[in-house]
Amino acid sequence: MSEMDSQNINSRDVWQGRMLKVSIDTVSLPNGNSVDLEIIRHPGAAAILPIDDQNRVVLVRQVRHATGGWLLEIPAGKLDDKEEPETCARRELREETGLVAGKLTPMGVIWTTPGFTDERIWLFLATELSEVKQSLDVDEVLTIERYEFDDALTMAINGEIEDSKSICALLRARHYL
């Protein structure tokens, strides 16, 4: 353990659901204090920014119960058991948008909310798109919308797009385009 790291002294699971697990970790902090932290364990996810051959971003407007309504966001989904992020990205792109990427470029990883969860999302840029059959999961209610890349970037900056993974992907994609 370096001077800047915390050390896990004890961890006990307090709840397990279909996708998440909650634990209480007793942690020794670099300042010498020990604290109990509630941690939401998440398997991770992949999120995809699809851009078509006309430089339009393909977004989904999806019902998100936790937010009380609809969010405009990039396609994304959780990693299945031991699934590689790229495999998940290709699957979610196909399921949610009915698109397949000829080229999938990794754009790094983000921590969604590091204060209380270990969830990481791998971001990908999808290009050279072709259409296939969309196959939504039973809990997915969404519509597909297309925006010019610069318009979508402006929407992320001015608050019209509020989803953090989508904002990060749009900002990072600027580097790759």
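A residue is called buried when its relative accessible area is under 20%, exposed when the value is over 50%, and partly exposed in between (1.4 Å probe, protein chains only). The views show a predicted model, in which local features need pLDDT of at least 70, side-chain atom pairs count only at pLDDT 80 or more, and totals for chains, interfaces and linings use all residues. Residues are numbered from 1 along each chain as its sequence is written, and side-chain values use heavy atoms, with hydrogens and water left out.

**View A. Glutamine 62 in strand β5.** Glutamine 62 belongs to strand β5, which covers residues 56-64; helices (H or I, at least four residues) and strands (E, at least two) are DSSP runs, numbered from the N terminus. Glutamine 62 counts as buried because its relative accessibility is 4%. Contact means heavy atoms within 4.5 Å. When neighbours within four places in sequence are set aside, the contacts of glutamine 62 include Gly69, Trp70, Leu71 and Glu73, as well as Glu140, Val141 and Leu142.

View B. Two strands pair if DSSP finds at least two bridges between them. Strand β6 (residues 69-73) pairs with β5 in the antiparallel sense, over five bridges. Within this pairing, tryptophan 70 of β6 is the bridge partner of valine 63. Four residues lie between the strands of the hairpin, where glycine 68 takes a positive phi near 85 degrees.

View C. Helix α1 has 13 residues (85-97), and at 1.5 Å a residue it should span 18 Å, which agrees with the 18 Å between its end C-alpha atoms. The expected span is 1.5 Å times one less than the number of residues in the helix. Buried residues of α1 include Pro85, Cys88, Ala89, Glu92 and Glu96. Among the elements that cover the buried residues of α1 are β4 (45-50), β5, β8 (99-111) and β9 (120-131). Just after α1, glycine 98 has a positive phi of about 70 degrees.

**View D. The largest nonpolar core and phenylalanine 149.** A nonpolar core is a set of buried Ala, Val, Leu, Ile, Met, Phe, Trp, Tyr and Cys residues joined through side-chain atoms within 4.5 Å. The largest core holds 24 residues, of which Leu49, Val57, Phe149 and Leu170 touch the most other members. At least two residues of this core come from each of β4, β5, β8, β9, α2 (149-158) and α3 (164-176). Helix α2 supplies the largest share of this core, five residues. Phenylalanine 149, with neighbours within four places in sequence left aside, is in contact with residues including Leu49, Val57, Leu170 and Ala173. Another core, of 13 residues, lies apart from the largest one and has Ile48, Ala89, Leu104 and Ala126 among its members.

**View E. The open sheet β1-β2-β3.** Three strands in the order β1-β2-β3 form an open sheet with antiparallel pairing. The edges are β1 (7-16) and β3 (34-41), each with a single partner strand, so one side of each has no neighbour in the sheet. Strand β2 (residues 21-28) runs antiparallel to β3 and is joined to β3 by eight bridges.

**View F. Serine 23 and arginine 41.** Serine 23 is found in strand β2 and counts as buried because its relative accessibility is 0%. The side chains of serine 23 and arginine 41 are joined by a polar contact of 3.3 Å. A polar contact is a pair of N or O atoms within 3.5 Å; within protein, one must be able to donate a hydrogen and the other to accept it, and residues adjacent in sequence count only if both atoms are side-chain atoms. Arginine 41 of β3 also stands opposite lysine 21.
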